Amino acid sequence: MIRRTIRRVSCGAPLAGVVLALLAQSAAAASLSVTGTCFASGQQLVVTGTTFTPLATVAIGGAVVATARADAAGTFRLPIAAPAITGLGPSTVTVTAVDGANAANAATLRLNVVRAAFGSNVPIAGRPHDTTTWRFAGFAPGRPIYAHFLLGGRSRGNYRFGVARGACGTLAVRAPRIPGVRTVQPGRWTLKLDQRPTYHERTAGSEATFRIVRRANGDGGGRDRRGGRGRSARA
């Protein structure tokens with residue numbers, strides 16, 4: 001008869017030691033955080049770093065270049081400006097932090113950034129009643145976006161585009177270039193974008209000015225302040 005001997009290897013303790021070591025290593029990893037979910041270019045915010053080497057210099061890189069110094073608890077708070085981006089946004093930018101006393105101890109933070117608060121592509125250059133694509137970013141999520149058109153300091157029309165969605169309050173919608181205005185007259189106009197149904201000069205928002213001029217054939221164009229082509233109404 002062949003006798004088989006089975007040896008039981010007790011490995012519970014070593015494995016537990018490895019698991020505990022890995023957990024400790026993970027818990028000691030540096031981290032970065034910020035209050036908020038979306039930021040406008042140039043907006044001031046504070047980045048908080050934790051679990052760095054106490055009193056070490058921390059190199060900040062990526063979309064922002066700076067240095068910070070950890071306190072006795074390995075924590076720092078660094079004011080920065082949200083980086084500038086090209087386009088309306090939102091865009092994701094990366095901020096990194098490397099521990100000067102231990103390069104392996106590093107952290108990464110990703111920020112959602114828009115070009116500006118209450119930002120839009122403002123597609124008003126062209127025939128006023130032609131339909132175009134309006135794009136918005138940097139509005140309060142879950143609330144409607146409104147346009148208010150003023151001529152001579154008086155409100156001439158309001159228009160509700162739809163509800164801003166997502167962390168950065170974005171929306172894309174098809175609408176006329178000059179919506180909500182019954183009679184488009186020649187002159188210097190102001191467009192205000194905000195989240196209030198009716199116009200009020202103190203409501204937080206963004207403004208753009210443009211000019212509508214009359215052509216001899218009654219179907220002309222002008223230039224807004226951004227150099228685009230506008231249109232004059234028949235008058």
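1. Basis of the values. The model is predicted, so local features need pLDDT of at least 70 and side-chain atom pairs count only at pLDDT 80 or more, while totals for chains, interfaces and linings use all residues. Residues are numbered from 1 along each chain as its sequence is written, and side-chain values use heavy atoms, with hydrogens and water left out.

2. Disulfide. The structure contains one disulfide (a pair of cysteine sulfur atoms within 2.5 Å). C38 and C168 form this link, with an S to S distance of 2.0 Å. The angle about the S-S bond is 105°, and the link of C38 and C168 is right-handed. C38 sits in the loop between β1 (31-34) and β2 (39-40), and C168 in the loop between β12 (154-163) and β13 (171-176), so the pair ties together parts that are 130 residues apart in sequence. Strands here are DSSP runs of E with at least two residues, numbered from the N terminus.

3. Burial of the cysteines. Both C38 and C168 are buried (under 20% relative accessible area; exposed is over 50% and partly exposed in between, with a 1.4 Å probe and protein chains only).

4. Open sheet. Five strands make up an open sheet with mixed pairing, in the order β2-β8-β7-β4-β5. Two strands pair if DSSP finds at least two bridges between them. At the edges stand β2 and β5 (66-69), each of which pairs on one side only. Strand β2 runs parallel to β8 (residues 102-114), and two bridges join them. Within β8, V113 stands opposite F39.

5. Aromatic pairs. The count of aromatic pairs is nine; rings of Phe, Tyr and Trp (its six-membered ring) pair if their centres lie within 6.5 Å, and planes under 30 degrees apart count as stacked, over 60 as edge-to-face and the rest as tilted. One of the pairs is F136 with F139: the ring centres are 5.8 Å apart and the planes stand at 85°, so the pair is edge-to-face. Both F136 and F139 are buried. Another is Y159 with F161, edge-to-face because the planes stand at 70°, with the centres 5.0 Å apart. Y159 is partly exposed, at a relative accessible area of 27%, whereas F161 counts as buried at 8% relative accessibility.

6. Aromatic cluster. The residues of these two pairs belong to one aromatic cluster, formed by F118, W134, F136, F139, Y159 and F161.

Definitions and conventions: Helices (H or I, at least four residues) and strands (E, at least two) are DSSP runs, numbered from the N terminus.
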